[in-house]
Amino acid sequence: MATITEPVLEWTPPTVSLGKVPLVTPARSGGQDIKGDFPLDQIVVDNFPPGTQVHSSDRYGASAWTVTARIVTTLPNGDPKLYFLKCAEEDQGKAMLEGEFNSMVELYKTSPNFVPEPYAWGKLSVSQPATYYFLCDFIEMGNMNPDPVQLATKLVKLHKASISPTGMFGFHIDTCQGSLPQRTAWNPSWVDFYIQLVRGAMALNTEKNGNWKNLEQLVDRLITHVVPQVLGPLEADGRVVKPTLIHGDLWDGNIGTSLENGELYIFDASVYYAHNEMEIAMWRARFCKILGAKVYLNSYLNRMGISEPVEQFEDRNRIYSFYMTLHESACHNGSSFREE
């Protein structure tokens, strides 16, 4: 297999939804056509409360691997109600949206004021190509930077309140960070679970991008030499790491502030139960232009505290961020993630 040595490009977030609108037979609502440029499958409409009037469905937002829409309805009691719909194709789309639905359900159970309420996921009636959907609340969000105190307060509340259903690290299905699945099978050891994640990301990197410089050798050395020294002490001398529910992909693009009530919401989750410090490691990445500001990290640590040994926090933060970047480089073939 050839080794890739050519320069790589800087990754930039998408400004539009790059997926295709599913070619479905348009549903009707109350005997009337549903307006808009995003036809709805009857399967989606059937998820609304009986008697809901669906007025319109239009493309909305930006996404790298899916296509998204805003649905305007009126509930049977006369209240207006907005929904958010996301669609994606083939096995990759199924894995992404099944993982997102299960992730959002898990977050909503613990912190219902921190995520849009998830309603359903499934397969549309389209057969070529097979197409899947995820449906949740639509929340109109502004472009302002998230309030550091509110974010830290909500995140700490989530992390402290969450309880792993098995007492272990992982999740009951593999969730997708970006477009690709993570190895999140249950594991009783945090050190072993972290290694499990890294090996999965490295395998995806080789599969998607080919060999690159001495990356494989560096990953092997990380696993055999660095991880035992940096993460091993977390589970030594009687210390215990609590399996904590984390969002898993908490960067600038997956958080917003409601224009209606000023509340912060997180979305596009790829959860698993982990050491809580894993959550904030992504903030040191170059693409985190907002959450990378020290005020966010400090606000969180001031409320949550730092795991012992405290003096190894910076090293832990670096290798946790390494996993996030390694996985993202598999998702964004040819981007600058490998250079990081």
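Author: Gladly, and let us begin with a helix pair. Two packed helices are described by the angle between their axes and the distance between the axes. In this predicted model, helix H5 packs with helix H8 (residues 313–331) at an angle of about 145 degrees, and their axes are 12 Å apart.

Reader: Which handedness does the crossing of H5 and H8 have?

Author: H5 and H8 cross in a left-handed way. On the H5 side, the contact is made by Leu215, Val219, Leu222, Val226, Val227 and Val230. H8 contributes Asp315, Arg316, Ile319, Phe322 and Leu326.

Reader: Thanks! Now to sheets: how should I read one?

Author: Start with the general idea: strands of a sheet pair through backbone hydrogen bonds, either parallel or antiparallel. One case here is an open sheet of 5 strands, in the order E4-E5-E6-E8-E7, with antiparallel pairing.

Reader: Why is one side of strand E4 and of strand E7 left without a neighbour in this sheet?

Author: E4 (53–59) and E7 (118–127) stand at the edges and have a single partner strand each, so one side of each lacks a neighbour in the sheet. From one strand to the next, the twist averages 25 degrees.

Reader: How many bridges join E4 to E5?

Author: There are 6 bridges between E4 and strand E5 (residues 67–74), and the two run antiparallel. For a landmark, look at aspartate 58, which stands opposite arginine 70 in E5.

Reader: What is the strand order in the open sheet of 3 strands?

Author: That order is E9-E14-E15, again with antiparallel pairing. Strand E9 (141–142) and strand E15 (264–266) are the edge strands, each pairing on one side only. E9 is joined to strand E14 (residues 255–258) by 2 bridges, the strands running antiparallel. Here methionine 141 stands opposite serine 258 in E14.

Reader: Let us finish with a loop residue. Where is the place of valine 240, and is valine 240 buried or exposed?

Author: Valine 240 lies in the loop between helix H5 (215–230) and strand E13 (244–246). Its relative accessible area is 73%, so valine 240 counts as exposed, the cut-off being over 50%.

Reader: How far is valine 240 from methionine 104, by their C-alpha atoms?

Author: Their C-alpha atoms are separated by 27 Å, while the two residues are 136 residues apart along the chain.

Methods
Residues are numbered from 1 along each chain as its sequence is written. This is a predicted model: local features need pLDDT of at least 70, side-chain atom pairs count only at pLDDT 80 or more; totals for chains, interfaces and linings use all residues. Side-chain values use heavy atoms; hydrogens and water are left out. Helices (H or I, at least four residues) and strands (E, at least two) are DSSP runs, numbered from the N terminus. Buried means under 20% relative accessible area, exposed over 50%, partly exposed in between (1.4 Å probe, protein chains only). Axes are lines fitted to C-alpha atoms, for helices over the stretch in contact, and angles run from 0 to 180 degrees between N-to-C directions. A crossing is left-handed if the near helix is turned anticlockwise from the far one by less than a right angle, and right-handed if clockwise. Contact means heavy atoms within 4.5 Å. Two strands pair if DSSP finds at least two bridges between them.
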